[in-house]
Amino acid sequence: MATGAYRLPDEPLPSGWSRYAVDPLWPLLTLMLAGGGFGLLWFAFNSAALGSPTRWREWGCIAVSVIGGPLLALAIYAGEYHDLLSPAQVPYAMLSILLLKLGVAYALYLMQQRCFEIWEYYGGQARNGLPLMILLAVVGRGALDMSQWPPMLKLVLQ
């Protein structure tokens, strides 16, 4: 007789990396203070560490942020090239990239927070993410000299 294990849809899956899980607030603050590269990587790792049932959706959001920023930049420059945007409007249009990144980061935070609360309620011990966030915001951001990098890569990582 085959019996399937009863499973809650929001239940975090056990993970070997669960001892490295942090409150999703820390990746969100890292994204804001250290840049999108560090913050998105930390969100992806935290998703795997928590065993988040929405991890594929979260990784899809990360892909939207990584791919969407350069696509928006190309669309804005194409709009300027075809006289749909004046040069004075371009800096304001570039704010849409920041809006996309922060919107995706906040969506990731909300998705992981729900899973994190269930995980913590059932005995998960979260790590303190403050030291790593400070390290990435102060040392990591300063150590990466992106002045020589291609503009599209800088756009993704900033």
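User: Why is Phe45 called partly exposed?

Analyst: Phe45 has 29% relative accessibility. Buried means under 20% relative accessible area, exposed over 50%, and partly exposed in between, with a 1.4 Å probe and protein chains only. Phe45 at 29% therefore counts as partly exposed. The model is predicted, so local features need pLDDT of at least 70 and side-chain atom pairs count only at pLDDT 80 or more, while totals for chains, interfaces and linings use all residues. Residues are numbered from 1 along each chain as its sequence is written, and side-chain values use heavy atoms, with hydrogens and water left out.

User: What makes Asn46 buried or exposed?

Analyst: Asn46 has 0% relative accessibility, so Asn46 counts as buried. The residue sits in helix α2, residues 36–50; helices (H or I, at least four residues) and strands (E, at least two) are DSSP runs, numbered from the N terminus. Beyond neighbours within four places in sequence, Asn46 is in contact with residues including Tyr20, Pro27 and Gln112, where contact means heavy atoms within 4.5 Å.

User: How many aromatic pairs does a search of the whole structure find?

Analyst: The search finds 6 aromatic pairs.

User: Why is the pair of Tyr20 and Phe45 called tilted?

Analyst: Rings of Phe, Tyr and Trp (its six-membered ring) pair if their centres lie within 6.5 Å; planes under 30 degrees apart count as stacked, over 60 as edge-to-face and the rest as tilted. The ring centres of Tyr20 and Phe45 are 6.4 Å apart and the planes stand at 50°, so the pair is tilted. This pair links distant parts of the chain, with Tyr20 in the segment before α1 (25–34) and Phe45 in helix α2, 25 residues apart. Tyr20 has 36% relative accessibility and therefore counts as partly exposed. Trp17, Tyr20 and Phe45 form one aromatic cluster.

User: What makes the pair of Trp56 and Trp59 edge-to-face?

Analyst: The planes of Trp56 and Trp59 are 80° apart and the centres 5.0 Å apart, which gives an edge-to-face pair. Both lie in helix α3 (residues 55–81), 3 residues apart, about one turn of the helix. Trp56 is exposed, with a relative accessible area of 67%, whereas Trp59 is partly exposed at 29%.

User: Which residues make up the largest nonpolar core?

Analyst: A nonpolar core is a set of buried Ala, Val, Leu, Ile, Met, Phe, Trp, Tyr and Cys residues joined through side-chain atoms within 4.5 Å. The largest has 11 residues: Leu28, Leu31, Leu40, Phe43, Cys61, Ile62, Val104, Ala105, Leu108, Tyr109 and Met111. Helices α1, α2, α3 and α4 (90–121) each supply at least two residues of this core, and α4 gives the most, with 5 residues.
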